[in-house]
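User: I would like to learn how to read strand pairing and salt bridges in a model. Please take me through an example.

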Amino acid sequence: MDDQNLTEYERRRLENVRRNNDMMASLKLQSAASALSAEAKRLRVELKSYKVSPKKKPKTESPIVIRRSLRTRRLPPDFSSENGLKDDFESKAPMSPSLPEGPKSPSLPEGPLSIRDRVLLDKILGLSKQSHLKNSDLCSGDDEVHEKKPLNCLIKKESRGMVKSSVDLGSMTLNAESIARVMPCRIMNLRFFPCTDSTMIVAGGGSGHIGFWDVDCEAESDGIFLYQPHEHPVSGILIQEFSQSKIFTSCYGGSIRLMDAGKEVFDQIYSSKGAIFSLSQRPDNVSSLYFGEGYGGLNLWDTRAKKNPSSSWTLHGYRINTIDFNINNPNIMATSSSDRTACIWDLRKIDSDKPETLKTVRHKKAVHSAYFSPTGSSLATTSVDNKVGLLGGANFEDLSMTYHENHTRRWISFFRAIWGWDDSYLFIGNMKRGVDVISTACRRTVMTLQSAHMSAVAWRFSAHPYKVGMLAGATAGGQIYLWKSC
């Protein structure tokens, strides 16, 4: 470009550019920049050439199964799921369901397990002696009471069904002193010792534990005694009213043990491959045990024979959850089952081939309890379909359904409504840490027992047979809440 056509500013700019270039050339910055650029390019090439590729993961041998619902596969619904969830158990065979998988504990011996707690043994033997003496006084003069003789309708005792005092619901309270943690696992069953002078509770746990709580204990100890005679969840507890030193317990593992305080042992008296889901006993015969085994099977076993069950019937299509007898007519029996029915049976008319019921109550989902009222004139059922059924009338022909939220969470088993001390009220837990009271006259929940001391959901209950207003509730954390009437 001709310098004559440039302005003064442009000529100065070009002169500055030439001067800067000369300075850069004298410092050799351009050659240093070129050398650095070449070195960086070489390093990038080396890193790229030695890069190690990650190893590919081998393909799994078993294909991944994608779960699809029956609706999307255009298949009919499976009604077996409507029978409700199982309590820590999944049956797979008609009479020998498989046991739940879990951490294996050391196997318990089949023989007797010793009891070494002298305080507990003396307490139970004392209660048994007091009960035996009182019942002996009620016997007729011609009847001779013997410890080894079954008391079949010989004792004219004041039964639980004859309690005429109605409880004052407003007076039932829960104090901090009436709460105890009996075991480290959830409680499946609990019973009061049937005595008037003392308050003692026995509970069965989900890990096979049997816990005792002496509520009246005034010593330095807390009055709690814990044993583990079973390896699987306890499904039933029986305390003989005429001989309280003998306590029967059953478990899902298919075994029945007898705690004999006189012999100081837990003795295994029955064992089978099938699971035992329920245990009961006729009020007029202390020598026979009735227990639900496997898929709807009911067994009658004489404890004196020590052989196989003398009678067996298939009464339901699924497991029998509860067995109860009418106190006024011990030949009348009620069963609840996961096949969505509760049935009333006459033991004198049960055919081994085709048993026929006297009355059948049908629910939409599994029925987890069916209990006769204290007078034997009514029957209460509890189902997962959020209904509490009530049967009454001369022949149990009157049926009514009361709504109650019976759905629980995974770690809490299903609710079971129990009778109080007369035919007026039913007691059942709820998910709001309360105890709902259902009136049989109003056919609805009329009150809820609540307390600030109740920190967990109580789902199993037991009413003291002789102390009106005393109600025990058990939780999934091994606690027992004891409500008392002031």
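User: How many bridges join strand β18 to β19?

Analyst: Note that this is a predicted model. Four bridges join β18, residues 341-346, to β19, and the two strands run antiparallel.

User: How many salt bridges does a search of the whole structure find?

Analyst: Eight. One of them joins the side chains of R118 and E264, at 2.6 Å from N to O. This pair links distant parts of the chain, 146 residues apart: R118 lies in helix α3 (residues 118-137), and E264 in the loop between β10 (255-260) and β11 (265-271).

User: Are R282 and D284, another pair, buried or exposed?

Analyst: The cut-off for buried is under 20% relative accessible area. R282, at 16%, is therefore buried, and D284 is buried at 15%. Their closest N and O atoms are 3.1 Å apart in the salt bridge. By contrast, R118 is partly exposed at 39% relative accessibility, as is E264 at 30%.

User: Which residues are linked in a network of salt bridges?

Analyst: The network links E8, R11 and R12. Elsewhere, D302 and R304 meet through their side chains in a salt bridge of 3.2 Å, N to O; R304 is exposed, with a relative accessible area of 56%.

Definitions and conventions:
Residues numbered from 1 in each chain as written. Predicted model: local features only at pLDDT ≥ 70, side-chain atom pairs only at ≥ 80, totals over all residues. Heavy atoms only, no water. Pairing = 2+ DSSP bridges. Salt bridge = Lys/Arg side-chain N within 4 Å of Asp/Glu carboxyl O. Buried < 20%, exposed > 50% of the residue type's maximum accessible area, 1.4 Å probe, protein only.
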